[in-house]
Amino acid sequence: MSAKPEPPPLTPAMRARARAQPNTWFYAVDPAFDPDGEVPPWAIMGAWQVDDGGEIGGDFVDNPDYRPSPQALGLPEPTNELERVLQLAATGHAPDVELLGALLDTELLLFARDEADREIFVTIDSGRPVVQVFSSPARTPKSWTHWQRVVGRDLAPVLAGRDLRINPGSPVAVTIDGDTIRQALTEPDGP
């Protein structure tokens, strides 16, 4: 997730605020944050210089440390907690351990041939076995007519030596080493 959105267009309200602050910088803040509240440095998109007359001038200066939020990237609205944390972790707004905790506590959707099927299907990608799961019915492939529901912590034991790919083909698809998931499940102070 490295795409950086364009700076916001300058509005009359922004220009009015800049006029009240001559000889400073006018900061563009990520839409996930209140520009009048506490904003971490990595949530500042960049800035325009404000001249001594309070006018915004010059080119927009990008913040090289800016981490666009899911909102700034236009990601789809999450339908559950796992999707929310998945987007935050993928954009650098939440630690990976938070994603592991949400994954273990969430009901995941896996392919099934019919309503009674409980087989775990494994694909091979670049020589590595992969179990594909989806975070909600809205994220499953249109061709699927059936799926099985498995809570992440119940799936973890079968992930030894396999990767888990969450929401393949979606704007936020993440692959996690299955052994990392299994380790998170067994750690006493883990997720």
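**Exercise 1.** In which loop does serine 136 lie? Then decide whether serine 136 is buried or exposed, and find which residues it contacts away from its neighbours in sequence.

*Solution.* The model used here is a predicted one.
Step 1: serine 136 sits in the loop that runs between β6 (128-133) and β7 (147-151).
Step 2: the relative accessible area of serine 136 is 6%. The cut-off for buried is under 20%, so serine 136 counts as buried.
Step 3: set aside the neighbours within four places in sequence; serine 136 is then in contact with Thr79, Asn80, Glu83 and Leu109.

**Exercise 2.** Describe the protein chain as a whole: its helices and strands, its radius of gyration and its buried share.

*Solution.* 
Step 1: count the elements, which gives 6 helices and 9 strands.
Step 2: take the box along the principal axes; the C-alpha atoms fill roughly 70 × 40 × 30 Å.
Step 3: look at burial and surface. Of the 191 residues, 37% are buried. The chain exposes about 10600 Å², and 51% of this comes from carbon and sulfur atoms.
Step 4: look at the contacts with a separation of 6 or more; 58% of them join residues 24 or more positions apart.

**Exercise 3.** How many cavities of 30 Å³ or more are there, and which residues line the largest cavity?

*Solution.* 
Step 1: the count is 2 cavities of 30 Å³ or more.
Step 2: the volume of the largest cavity is about 60 Å³.
Step 3: its lining consists of Pro76, Glu83, Leu86, Gln87, Arg139, Asn167, Ser170 and Val172. Glu83, one of these lining residues, is also a contact of serine 136.
Step 4: sorted by class, the lining of the largest cavity has 3 nonpolar, 3 polar and 2 charged residues.

**Exercise 4.** What volume does the largest pocket have, and which element gives the most to its lining?

*Solution.* 
Step 1: the largest pocket holds about 300 Å³ of space.
Step 2: its lining has 17 residues, and those closest to the centre of the pocket are Arg17, Phe26, Tyr27, Val29 and Pro35.
Step 3: With 5 residues, β1 gives the most.
Step 4: by class, the lining of the largest pocket divides into 12 nonpolar, 2 polar and 3 charged residues.

How values were computed. Residues numbered from 1 in each chain as written. Predicted model: local features only at pLDDT ≥ 70, side-chain atom pairs only at ≥ 80, totals over all residues. Heavy atoms only, no water. 1 Å grid on protein atoms, 1.4 Å probe; cavity = no way out; pocket = protein on both sides within 12 Å on 5 of 7 lines; lining within 4 Å. Points joined across faces, edges and corners; volume = space filled by probe spheres on them. Nonpolar A, V, L, I, M, F, W, Y, C, P; charged D, E, K, R; others polar. Helix = DSSP H or I, 4+ residues; strand = E, 2+ residues; numbered from the N terminus. Rg over C-alpha atoms; globule rule 2.2 N^0.38 Å. Buried < 20%, exposed > 50% of the residue type's maximum accessible area, 1.4 Å probe, protein only. Contact = heavy atoms within 4.5 Å. Areas by Shrake-Rupley, 256 points an atom, 1.4 Å probe, with all protein chains shown as cover.
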